[in-house]
Protein chains: 2
Amino acid sequence: MRPSAKPSVAKSPTTKRRRRASAPKPYHHGDLRRVLIDAALQLVGEGGAEAVSVREAARRAGVSPGAPFRHFPSRDALIQAVAEEAQRRFRAEIEAALAAAPASDPLGRFRCLGLAYLRWAMRNPTHFEIISSRRLFDHDQAAAISSDNAELIALTEQTLAQAFAAGQLRSADLKQVQIAGRALVYGFARMNIDGHFPRWGVAGAEAERTAEAVLDLFIEGIAKRS
Amino acid sequence: MRPSAKPSVAKSPTTKRRRRASAPKPYHHGDLRRVLIDAALQLVGEGGAEAVSVREAARRAGVSPGAPFRHFPSRDALIQAVAEEAQRRFRAEIEAALAAAPASDPLGRFRCLGLAYLRWAMRNPTHFEIISSRRLFDHDQAAAISSDNAELIALTEQTLAQAFAAGQLRSADLKQVQIAGRALVYGFARMNIDGHFPRWGVAGAEAERTAEAVLDLFIEGIAKRS
DNA sequence: TCGTGAATGTAAGCGCTGATTACACGATTG
DNA sequence: CAATCGTGTAATCAGCGCTTACATTCACGA
């Protein structure tokens, strides 16, 4: 079969030079994997994880529908790769914010951590969603995501422990405080994603101000009173 | 077309009586809409909203793939009907719990409200998910869900206002407290759904105990200190 | 320099899905 | 009894994930 020899434009001699000089489509893409992840990241940003289809990613990469399966065994694997990329960025942002916070005030560092979390989640809602809800792919197979996440939790616990050591906390049950704090920021971020704040535009300034106020309310609640 | 006249089994006279006496499948289902919603509710319970397909619901109802579209114009409409049913049950549970709480202790009522919320969400995770994340269908068209939700929020605000009037609250910014409280319970419920508590089985006793502890931590944080 | 095999693309097709359309059947009603 | 409306079926469409067979190109060793 294959009656129309469309792709092999240059069937003449000097094939290689011709291809380099004029052909718009080299047979091999170069870095299709990377391009597919970028396309899928864009799709996630546009319509959430459910809007990601292998075919659409292939389409945007200018490649046939079956090509992605050379790089990802399944759609889930593509989603997972996207999630790993998003998680990498999320963690980098959190750590950058924490690095800029003074070590002298552990509770203030905790606040910085929460703020960075909230801000990233609200500015990248679909990316946050993809690294959050585990129904979208198999988190057990995504070791990078799990370890990144565990590291962030450990960071939180350390910060809380330092705050307690400095006498800044009311409760001694750090585990409880940590879970409550996570639930608060996670809940706020997801309420934003899930459309529970219809008045605010996504990542609007008002939403971020409210996020900050809610975080402060919580921190005052766990802090030792002056 | 239609060369094979398979379906018209009883082309003989006395068709009606024959059907009533022996036919296992009356042509008309009776209450297909209700059966479809139940089937879809079951599908949601088994694999989440994404696991719901119109065909599968039709299959379980013992009906052809196109039949559901007589009752629901689209898959989203079916999902929406399921969500309305779930929301109805959710609200009923919350209100029952609140009705059983004494009016003399508004902050205690607030706690009951939060507990009922958390318990229902953790015992019906997929149903909670379907009424929570607005990406699954168009909430603007589901007036029943929006109004139910608004009523629950109003109930929360009333309870908080009563608690403040009784001098039980530290902060006067009730709006902030209400949003923070919602974020906390919502976040906890969603973390459970989204698999952030891998050790606990869904709706395990430990999870519910932790939920209660976290709620109490929050309430202590907003309460006036003794 | 030239084969040759591995890597990576295409083409075709399977079964599934949501959705639409034309038609068949049954019950209600005048 | 006949008309009609509500509700089922059958057939069909396009899009999806995924697989298989084949085409093309690259990289490496004789």
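**Aromatic pairs and their setting**

Author: Of the 226 residues of chain A, 46% count as buried. The model is a predicted one. The secondary structure of chain A consists of 9 helices and 0 strands, so the order of elements from the N terminus reads α-α-α-α-α-α-α-α-α. Among contacts in chain A between residues at least 6 apart in sequence, 68% join residues at least 24 apart.

Confidence comes before detail. Chain A has a mean pLDDT of 87, and 87% of its residues reach 70 or more. Where pLDDT is low, the predicted coordinates should not be read in detail.

Now the aromatic residues. A pair of aromatic rings is described by the distance of the centres and the angle of the planes. Over all chains the count comes to 12 aromatic pairs. One of them joins A:Phe128 and A:Tyr186, with 5.9 Å from centre to centre and 50 degrees between the planes. A:Phe128 belongs to helix H6 (residues 125-132) of chain A and A:Tyr186 to helix H8 (residues 174-193) of chain A, so the pair ties together parts that are 58 residues apart in sequence. Both A:Phe128 and A:Tyr186 are buried.

In chain B, B:Tyr117 and B:Phe128 form an edge-to-face pair, 5.6 Å centre to centre with 70 degrees between the planes. B:Tyr117 lies in helix H5 (residues 106-123) of chain B and B:Phe128 in helix H6 (residues 125-132) of chain B, so this pair ties together parts that are 11 residues apart in sequence. B:Tyr117 counts as buried because its relative accessibility is 16%, and B:Phe128 counts as buried at 2%.

Back in chain A, one aromatic cluster is formed by A:Phe90, A:Tyr117, A:Trp120, A:Phe128 and A:Tyr186. Leaving aside neighbours within four places in sequence, A:Phe128 is in contact with A:Phe90, A:Tyr117, A:Trp120, A:Ala121, A:Tyr186, A:Ala189, A:Arg190 and A:Ile193. The largest nonpolar core has 135 residues, and A:Phe128 and B:Phe128 are among those with the most contacts inside it, along with A:Ile130, A:Phe188, B:Ile130 and B:Phe188.

Chain A can be laid on chain B with an RMSD of 0.1 Å by a turn of 180 degrees and a shift of 0.0 Å along the axis. The two copies are thus related as by a two-fold rotation axis. Their contact takes 38 residues from chain A and 38 residues from chain B. Of the interface residues of chain A, 100% are also interface residues in chain B, so the copies meet through the same surface. The area buried between chain A and chain B is about 3400 Å², and carbon and sulfur atoms give 60% of that area. A:Arg135, A:His196 and A:Leu217 supply 19% of the area that chain A buries against chain B, more than any other three residues.

Technical notes:
Residues numbered from 1 in each chain as written. Chains lettered and ligands numbered in written order. Predicted model: local features only at pLDDT ≥ 70, side-chain atom pairs only at ≥ 80, totals over all residues. Heavy atoms only, no water. Phe/Tyr/Trp six-rings, centres within 6.5 Å; stacked < 30°, edge-to-face > 60°. Helix = DSSP H or I, 4+ residues; strand = E, 2+ residues; numbered from the N terminus. Buried < 20%, exposed > 50% of the residue type's maximum accessible area, 1.4 Å probe, protein only. pLDDT = per-residue confidence, 0-100. Least-squares fit on C-alpha atoms with pLDDT ≥ 70 in both. Contact = heavy atoms within 4.5 Å. Core = buried A, V, L, I, M, F, W, Y, C linked by side-chain atoms within 4.5 Å. Buried area = accessible area lost by both parts, 1.4 Å probe.
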